[in-house]
Amino acid sequence: AEEQIRRQDKLAAVGQMAAGIAHEIRNPLTSMKGYAEFLQLDEEDEERREYLSIILDEVERINEIVEDFLVLAKPKAVQLTKQNIIPIIHEVLTLMEMQAEHKGVELHFVCEQTQVIAQCDRTRLKQVLLNLVKNGLEAMPNGGDLYVRVQEAETICISIQDTGIGMTAEQLQHIGDPFFTTKKNGNGLGLMVSFKIIENHHGRITVTSERGKGTTFQIILPLERSK
Ligand code: ADP
Ligand code: MG
C-alpha cells in the first residue's frame with residue numbers, strides 16, 4: 001500500500017508540473033497567434049497569406065494539445081452547475097458545420113425536448129462533444145451522416161453516431177489509451193481526455209462500432225432531479 005501511495009504522489013507531482021508547463025506555453029502562443037493574425041490582415045501576397053494560415057493552424061493544434069494536458073493534469077478542474085445541454089450541442093454543431101459540409105457529411109440533431117438539464121461544466125462538455133463529433137467526421141472521408149441524439153430517461157444519454165469506417169476489435173480495445181491514434185495527424189489524446197471529463201461528471205462513455213458500418217459513442221450522465 002505504501003508503494004502505491006508513493007506512486008500516486010509521484011503522479012500528482014508530474015500532473016502539477018504538466019499543468020504548470022501547459023499554462024506557461026499558453027501565453028507565448030497567444031501572442032504568436034495575435035501577431036500572425038495581424039500580419040495576415042494586410043498581406044497581399046497569396047502565398048504568404050497561405051503560410052500565415054499554416055502557422056495559425058499549427059498554433060491552434062498546440063493550443064488543443066495544451067488544453068488536453070490541462071484537463072488531465074487537473075482532474076478536479078470541472079465545475080459542475082445546472083445547465084441546459086441542448087444549446088451546448090447546438091453550439092458544437094454550428095462550429096462543425098463548415099467542416100462537415102466540406103467533407104460531404106450531413107449533420108442531424110434529434111431531440112424531442114427543448115430543455116434537458118444536467119449537472120455539467122459547459123466548457124468541458126463542449127470539449128468532449130467537439131472531440132467526438134470531430135472523430136466522427138474524420139471517420140467519414142467519403143461523406144455520410146452524423147447523428148446527435150439526446151434522450152432523457154433514468155439517465156441522460158447523448159449519442160453521437162457516424163456512418164464511417166468503424167473500428168476493429170483491436171482498435172476498440174485501445175481507444176482512450178494515451179497517444180493511441182490511427183491517424184496521420186492524430187495525437188491520440190482526445191478520447192482519453194473525454195473519458196476523464198465525463199468521469200468527473202459522474203457519468204460514463206460507451207462505444208459500439210462495426211467495421212465499414214460506423215461508430216456510436218454514448219455519453220451517459222446522471223439525471224439532475226429537481227429537489
Ligand atoms: P485522434 O483523433 O487524435 O486519433 P482520439 O483519442 O480522438 O485521437 O481517437 C483515437 C483513435 O480512436 C482514432 O485514431 C481512431 O482510430 C479511433 N476512433 C475514434 N473515434 C472514431 C470514430 N468515430 N470512428 C472510427 N474510429 C474512431
Ligand atoms: Mg480525435
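This is a predicted model: local features need pLDDT of at least 70, side-chain atom pairs count only at pLDDT 80 or more; totals for chains, interfaces and linings use all residues.

Which residues are closest to ligand 1? The shell has 22 residues, and the closest are Ala-139, Thr-181, Gly-186, Gly-190 and Leu-191. Sorted by class, the shell around ligand 1 comes to 13 polar, 7 nonpolar and 2 charged residues.

On secondary structure, the elements that supply two or more residues to that shell are helix H4, residues 122-138, and helix H6, residues 190-200. H4 contributes the most, with 3 residues.

Next, how H4 and H6 sit against each other. Their axes come within 9 Å and cross at roughly 145 degrees. The crossing is left-handed. From H4, the residues making the contact are Arg-124, Gln-127, Val-128, Asn-131, Leu-132 and Asn-135, and from H6 they are Gly-190, Leu-191, Ser-194, Ile-197 and Ile-198. By class, that contact of H4 with H6 has 5 nonpolar, 5 polar and 1 charged residues.

Staying with H6, which of its residues are buried? They are Gly-190, Leu-191, Met-192, Val-193, Ser-194, Ile-197 and Ile-198. What do the buried residues of H6 pack against? The partners are helix H2, residues 46-73, then H4, then strand E6, residues 204-210, and strand E7, residues 214-222.

On the H3 side the contact residues include Ile-85, Ile-88, Val-92, Leu-95 and Met-96, and on the H4 side they include Leu-125, Leu-129, Leu-130, Val-133 and Leu-137. The class count for the contact of H3 with H4 is 12 nonpolar, 1 polar and 4 charged residues. Among the charged residues are Glu-91 and Lys-103 from H3, and Arg-122 and Lys-126 from H4.

Now the single residues. His-90 and Leu-189 are 99 residues apart along the chain, and their C-alpha atoms are separated by 24 Å.

Two residues have a positive phi without being glycine. One is Phe-179, with phi near 70 degrees. Phe-179 lies in the loop between helix H5, residues 169-174, and H6. It has 9 other C-beta atoms within 10 Å, and 12 or fewer counts as exposed, so Phe-179 is exposed.

The other is His-202, with phi near 65 degrees. His-202 follows H6 and is found in the loop between H6 and E6. His-202 is exposed as well, with 11 other C-beta atoms within 10 Å.

To recap, H4 and H6 are the elements giving two or more residues to the shell around ligand 1, and H4 also meets H3. That is all I have, and I am happy to take questions.

Definitions and conventions:
Residues are numbered from 1 along each chain as its sequence is written. Chains are lettered from A and ligands numbered from 1 in the order in which they are written. A residue is near a molecule or strand if its C-beta atom, placed from the backbone, lies within 6 Å of it. Helices (H or I, at least four residues) and strands (E, at least two) are DSSP runs, numbered from the N terminus. Two residues are in contact if their C-beta atoms, placed from the backbone, lie within 7 Å. A residue is buried if 20 or more other C-beta atoms lie within 10 Å of its own, exposed if 12 or fewer, and partly exposed in between; C-beta atoms are placed from the backbone. Axes are lines fitted to C-alpha atoms, for helices over the stretch in contact, and angles run from 0 to 180 degrees between N-to-C directions. A crossing is left-handed if the near helix is turned anticlockwise from the far one by less than a right angle, and right-handed if clockwise.
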